[in-house]
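Please open the model in your viewer and keep the selection panel at hand.

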Amino acid sequence: MDFGVIVVLQVLVAIAHLALISIGLAVIFGMMRVINLAHGEFLMLGGFTVVIAANHGVNLWVAMLIAAPIVVGLIGIVVERLVIRYLYGRMVDTMLATWGLSLLIVGAMTMTFGNTTRGVSAPLGSVAIGRYQSSIYELTLVLAAAALFAIAYLLFRFTRLGLIARATMQNAEMADSLGISTDFVYAVTFGIGAALSGLAGGLLAPLTGVLPTIGVAYVAKAFITVISGGAAVLAGTASASALLGTLDTVATFIATPVVGEMTLLIAAVVLLRLLPEGITGRFLRRAS
Amino acid sequence: MRGSRAWVDGLTVLIAIAVILLVPQLLELYSVINATIYVSMAVLALSLALVWGFGGILCFGQAAFFGLGGYTYAIAAINFGDSNLPVLFAVALPACFAALLGYFVFWGRLNDVYLGVITLTVALILFKFFNATAGDAYKIGKAALGGFNGIPATPPLNLPWDKSVQLAPEQIWYVAATLLLLLYYVSRCLLSTHFGQVVVSIRENERRAELLGYDTRRYKLLIFTVGGAMAGVSGVLFANCVFVSPTMFSLSYNAQIIIWVMIGGLGTLSGPILGSVLLQMLTAELGTLQWLDPNFVLGAILVVFVLLIPRGLQPLIAALGERTFSGLAALGFRRRKWIKP
């Protein structure tokens, strides 16, 4: 019984983990069709912001929920203005440029902070479930992931900004002729994507610690999740996280964490062979 | 007009042969081994130049075939005690793997991004797998896979007709550099055949090629397989100068190859070779500096290239060469029109 509860909780945590590392990418890739290979570095920067702020005496929650998204969001806007905006519609070039950016950020952070892991301890302590211990902070992350998806959904679905953003992504020329500054919309959308990544990276920092090269561990998984999700980005990413996270955790419990990760990757490859349009290419078509 | 092209080619071959012969004479053993590593990686760059630059297939996981080639060679060589069959295996296995993966991908009609992500995923799966092979449970015959440490004692190549003579590092340099030159010309010949022309036409416009009656999937599969085999060769050469370890499959290797091809010049064969050698020399040079992170410089270079020189170095150099030549022609040489490769 206790074991069952723990497994279920672990599955939820794994899903939340995947969802968190993917949400920023879901916005940037899903909406803007920008293959942002520096996504992992956005997460890393969010983590660094939290750790540095917390070590300087800033309240951990303020650092995670406010500092991280603002810092990384601003960095995202700068990146968009300096590099990405010249490359819209050139998918492969964006991919290469953001790859360069990712190396550049990793290099800069390594030069500044050295190649060592830093961390903050996770808040909230732990709770006992029968004979097992579970970290309350990990469980909070599940709620945080759900809340983030809800906020992103509401933002893009029901606000004026969201409407303008979606319209611009669908037909930039038309939006332009209707008097919308598409440059501004692109920059803001990219900034929102980056801010979400920063927030997620900040939330994960107490669990994983931060290291300049940690982004590499995230970027492939995030891409796989978003692409497996398909056209309806938020719903797709959420359902792909649910599917892949469950498989990962179950395989981890049966065998080892390495088998779990391999299962996740193999499942994604098979999934894309069966549903080349991703999950929402076939199901949940009307979601957004 | 054809004459001038052949003339340049002849000169290139002569220079290449001179370099091949001179490197072991002029450099110390350590530098010769380094040069061999560069050349083995140049073969890898050439393989992606073929697949991506001419086939239009953005394979983000080219290092998968490179690593498989290296591992196959190491495992087979340890078990057989000589290198004749292992080399063949090390080319055949990545080629078969590429064919299998290609079937999966091209018959699924996956395009750019999906193809990139799937190939990268496959490379990462292999990375995870070989990383997890520590311990006695993972032994193939006499060869322990060794997990994260890889297989440190990879036996070097031997003379095909005399198994007792193992090649010294200088001799491996000769083999590697000659192979690079050979594969470069093989690739050029391949591209000038009907098959090569169709492959390029598919890159230009897949739909049109299909409407002209070509089964584009088969052409893409074949060029992908050739690229896999060539990456296997590169893996064997690399295993001979370093040793095989899971990092051969890592994200950084996969990305490096793409950077080389991009900076050298996408859609050319000589560019990626040049790009790979230049960037490796640069990385090695930067690695000796304490205060500067090589990643930082590489990243900056890549961003600058994508934004300002998206066609890469080779077209730039070719244009420079053309200008020099026409300058010479103006000085009284017979004027010849330059034909772009």
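Two residues are taken to be in contact if their C-beta atoms, placed from the backbone, lie within 7 Å. Select chain B with that in mind: among its contacts between residues at least 6 apart in sequence, 74% join residues at least 24 apart. Residues are numbered from 1 along each chain as its sequence is written, while chains are lettered from A and ligands numbered from 1 in the order in which they are written. This is a predicted model, in which local features need pLDDT of at least 70 and side-chain atom pairs count only at pLDDT 80 or more, whereas totals for chains, interfaces and linings use all residues.

Stay with chain B and colour by secondary structure, which comes to 13 helices and 4 strands; helices (H or I, at least four residues) and strands (E, at least two) are DSSP runs, numbered from the N terminus. The radius of gyration of chain B, 21 Å, is close to the 20 Å that the globule rule gives for 341 residues, so chain B is as compact as a globular protein of that length. That radius is taken over C-alpha atoms, and the rule is 2.2 Å times the number of residues to the power 0.38. Along its principal axes, the C-alpha trace of chain B spans about 70 × 55 × 50 Å.

Now show both chains: 33 residues of chain B are in contact with 34 residues of chain A. On the chain B side, helix H5 (112-131), helix H10 (251-264) and helix H12 (294-308) each supply at least two residues, and the largest share, 12 residues, comes from H5(B).

Next, select residues 136-158 and 160-170 of chain A, which are helices H5 and H6; they pack at an angle of about 75°, with their axes 5 Å apart. Axes are lines fitted to C-alpha atoms, for helices over the stretch in contact, and angles run from 0 to 180 degrees between N-to-C directions. That makes H5(A) roughly perpendicular to H6(A), a term for angles of 65 to 115 degrees. Show side chains for Leu155(A), Phe156(A), Arg157(A) and Phe158(A) of H5(A), and for Gly162(A), Ala165(A) and Arg166(A) of H6(A), which make the contact.

Finally, centre on Gly4(A), placed in helix H1 (residues 2-32) of chain A. Is Gly4(A) buried or exposed? Gly4(A) is exposed, with 9 other C-beta atoms within 10 Å, where 12 or fewer count as exposed and 20 or more as buried. The C-alpha atoms of Gly4(A) and Ala195(A), 191 residues apart along the chain, are separated by 36 Å.

Conventions. Parallel < 35°, antiparallel > 145°, perpendicular 65-115°, else oblique.
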